[in-house]
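Please look over the sequence and the structure below before reading on. The paragraphs that follow take up the parts of the fold in turn and then turn to single residues.

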Amino acid sequence: MILITGASGSVGKAVLLEAIRRESKVRAMYRSKEEAAKAPSGCQAVLADYADKHSLRKALDGVNFVYVVCSPIPQLVELESNMLVACKQAGVKHVVLNSALGAGDYPKSFPSWHRQVEDKLKSSGMSCTILRPNGFLQNIVTYNAASIRTQGAFYAAMGDAKVSYLDVGDIAVVAVKALRGGPHSGKTYELNGPEAISNEELAKRISKISGRTVNYVDIPESAQREAMLGMGMPEWQVTALLELQQYYKQGGGAKTDGVLRSLIERAPVTLDQYLKANAKEFRDQAASA
Ligand SMILES: NC(=O)c1ccc[n+]([C@@H]2O[C@H](COP(=O)([O-])OP(=O)(O)OC[C@H]3O[C@@H](n4cnc5c(N)ncnc54)[C@H](OP(=O)(O)O)[C@@H]3O)[C@@H](O)[C@H]2O)c1
């Protein structure tokens, strides 16, 4: 049996769908009954919380292979560590951990939290594979589509920093291939998309594909902080996001290489493909109504 955690989340949901396509015995872990009720067919839904060790024991009953992911929250280290201890106690054969790019070389923000979990996993003695993805293509809609729809613009203090975005579906293919360990045991994969893109270039691509003019507006970091706080984001999250942005500004996210392509054995999803599939998200709905 395979257990996919974070089955309601952005990357976890994609991993679950890929696991159902490739494997016969799949269990999907949810925290809430509402999300579990949306479990796709072809899997067994289980309710569990990383904070509840008893629920983890039940979720892991009969499980050999586990994909571990958690929301990027300050409790991530403690929560994922609970899961690793539970996996070890349950005799799990292989763990795939969803970490983040920067865990190898950036001692701040989300990457530094992920690094602590990586180190615990490695020292647990369990067979494992660590995935360190760059920024998800899906972030583009999540973070930028709302202001693009209403103002034809998106705002950040990224300067000309580039990000090699990748699709969560491609991460899912790697995660599921690695689930049984084998040649992937003991490996850490840094996963970059096929093209490094600045926000200026991103605005041009969105303009071309959505058929409307979209601008990227570079703002001072202090203004971005104020805007995010004004939207109700907690201080810790604003600080972590701005620190991650610094990593990108230092060039940390701009690498492209053949690692993802060779792991998934086909061309990775490109920015243009993603934008075409999501073009309606960027259109002014009032104007097109
Ligand atoms: N976004 C990016 O560009 C990017 C890039 C590289 C790495 N990452 C990393 O990828 C990870 C996943 O990101 P995402 O965007 O997929 O996050 P997400 O959409 O928030 O999904 C996180 C999942 O973890 C579950 N979860 C949270 N707390 C839990 C708990 N106490 N017990 C059990 N499950 C819990 C959530 O369940 P609920 O639905 O119940 O909350 C959800 O299913 C993060 O750690 C992030 O740092 C993200």
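**The ligand shell, the strands and selected residues**

Helix H1 (10-22) and helix H4 (76-90) each contribute at least two residues to the shell around the ligand; helices (H or I, at least four residues) and strands (E, at least two) are DSSP runs, numbered from the N terminus. The model is a predicted one, in which local features need pLDDT of at least 70 and side-chain atom pairs count only at pLDDT 80 or more, while totals for chains, interfaces and linings use all residues. Residues are numbered from 1 along each chain as its sequence is written, and side-chain values use heavy atoms, with hydrogens and water left out.

The shell around the ligand comprises twelve nonpolar, eleven polar and two charged residues. In this classification Ala, Val, Leu, Ile, Met, Phe, Trp, Tyr, Cys and Pro count as nonpolar, Asp, Glu, Lys and Arg as charged, and the others, Gly among them, as polar. Of these 25 residues around the ligand, Ser8, Arg31, Cys70, His114 and Asn139 come nearest; a residue is near a molecule or strand if one of its heavy atoms lies within 4 Å of it.

An N or O atom in the side chain of Ser8 is 2.5 Å from an oxygen atom of the ligand, and an N or O atom in the side chain of Arg31 is 2.7 Å from an oxygen atom of the ligand. In the side chain of Asp49, an N or O atom is 2.9 Å from a nitrogen atom of the ligand. The ligand taken alone exposes 920 Å², of which the protein buries 82%; accessible areas come from the Shrake-Rupley method with a 1.4 Å probe, and for residues only the protein chains shown count as cover.

Strand S1 (residues 2-4) pairs with S2 in the parallel sense over three bridges; two strands pair if DSSP finds at least two bridges between them. Leu3 stands opposite Arg27 in S2. S1, H1 and S2 together make a right-handed β-α-β unit. A crossover is right-handed if, with the strands pointing away from the viewer, the path from the first strand over the helix to the second runs clockwise. S2 is also joined by four bridges to strand S3 (residues 44-47), and the two run parallel. In S3, Gln44 is the bridge partner of Arg27.

Why is strand S2 (residues 26-30) largely enclosed by the rest of the structure? Five of its five residues are buried, so the strand is largely enclosed; buried means under 20% relative accessible area, exposed over 50%, and partly exposed in between (1.4 Å probe, protein chains only). In a regular strand the side chains alternate between the two faces of the sheet. From S2, Val26, Ala28 and Tyr30 point one way and Arg27 and Met29 the other way, and all are buried.

Strand S5 (residues 94-98) is mostly covered, with five of its five residues buried. His94, Val96 and Asn98 point one way from S5, whereas Val95 and Leu97 point the other way. Strand S4 (residues 65-68) runs parallel to S5 and is joined to S5 by four bridges, with Val66 opposite Val95. S5 also pairs in the parallel sense with strand S6 (residues 128-133), over four bridges, and here Val95 stands opposite Cys128. Two right-handed β-α-β units include S5: one is made by S4, H4 and S5, and another by S5, helix H5 (residues 109-124) and S6.

Some single residues complete the tour. Ser55 lies in helix H3 (residues 53-59) and counts as buried because its relative accessibility is 8%. Its side chain reaches the backbone oxygen of Asp52 at 2.7 Å.

Asp105 has its place in the loop between S5 and H5 and counts as exposed, at 53% relative accessibility. Asp105 and Tyr247 are 142 residues apart in sequence and 9.5 Å apart in space, C-alpha to C-alpha. Their side chains make a polar contact (3.0 Å); such a contact is a pair of N or O atoms within 3.5 Å, where within protein one must be able to donate a hydrogen and the other to accept it, and residues adjacent in sequence count only if both atoms are side-chain atoms.

Ser109, found in helix H5, has a phi near 55°, a positive value in a residue other than glycine. Ser109 is buried, with a relative accessible area of 5%.
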